[in-house]
Amino acid sequence: MGTKIYLALFLLLSINVAVRAQSPDEGSIGGTLAQPQPFLYSINALNPAARHWSVNYSGGYGQYTVTPLGFDGVDQDFAVKGYLGNRFSLYAAMGVGFGSKGNVNTFQQAEVFKDFIGGKNPTGFRFGTSLGVIREFSNDVVALSRFNMAYENFAWKFAANARFEHAFAADRDAFDLISSFGIQRKITGQLFGGVEAVGQDLEGLWETDEAEGGAKVLIGPSLNFVPTGSRLSFSLCAGPILYITHSTIIPDDSAVRELPLNNGFTVKFNVGFDFL
């Protein structure tokens, strides 16, 4: 039942943004540059047009999935993103997940971004890095850093992350690399569409003893919409989660980090609101 509800919502919102999309002139399309977060999985520092503070509400539903690709059940998250000055941005989030097995879990995240190349104009290429910490749904504490790049103009959006994690837990990999990218093209007006992909534990492609179950990939369609003259922005992403390899090592803690044997899927959405 939950799966059908979320898929229905996904289709309804997709149709809604397509119907409401208009074809304003290029100046009004600049509103798409001022949104805090056009993609669901690739996070970047704010560009000059988006140097304000926003609150972001996101939710999702997943089956046979693990963090950070999704949550096995329903999750609801709130995040604040804002500009700190000198091309620094702050991202802080907290959320709660209602698991398919009746478990309820929470997570918290705080991360500071800095653009070193670009970041002085609303359009064009930007490259930077970040430092942060996460307490995952599994209660594991994880330190993270990422290299992030983005390119934006009035017709295209691109973002990519190479995210490095170190979990302070004995049964986790010493370091994890999570790669992600998203690309979108203007469909009409301020409606953009494209694809987003995430790869986790890709070292499992050549290591049989990868400690967290093997390589996992998510790929699916991505939509982004910013109503003309509005402080709101909307993003959607959905797709299958493919477990490409399966490690011979089985984690000890099976409560939350039980690794699925079946391919899964997830549906995620984000609503951003600029309040300052």
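Which strand is Phe-273 found in? Phe-273 turns up in strand 12, residues 264–274 (strands are DSSP runs of E, at least two residues, numbered from the N terminus). The model is a predicted one, with local features needing pLDDT of at least 70, side-chain atom pairs counting only at pLDDT 80 or more, and totals for chains, interfaces and linings using all residues. Residues are numbered from 1 along each chain as its sequence is written, and side-chain values use heavy atoms, with hydrogens and water left out.

Because its relative accessibility is 34%, Phe-273 counts as partly exposed (buried is under 20% relative accessible area, exposed over 50%, and partly exposed in between, with a 1.4 Å probe and protein chains only).

Now for the inside. The whole structure holds three cavities of 30 Å³ or more (on a 1 Å grid over the protein atoms alone, a cavity is a set of points where a 1.4 Å probe fits but cannot get out, and lining residues have an atom within 4 Å of a point). The largest cavity takes up about 590 Å³ (a volume is the space filled by probe spheres set on the points, which are joined across faces, edges and corners). Its lining has 30 residues, with Leu-40, Pro-68, Tyr-91, Gln-109 and Lys-268 the closest to the centre. Strand 2 gives the largest share of that lining, four residues, while strand 12 is among those supplying at least two.

The second largest cavity comes in at about 130 Å³. Its lining numbers 19 residues, and those nearest its centre are Pro-36, Pro-38, Asn-44, Arg-126 and Glu-152.

Methods: 1 Å grid on protein atoms, 1.4 Å probe; cavity = no way out; pocket = protein on both sides within 12 Å on 5 of 7 lines; lining within 4 Å.
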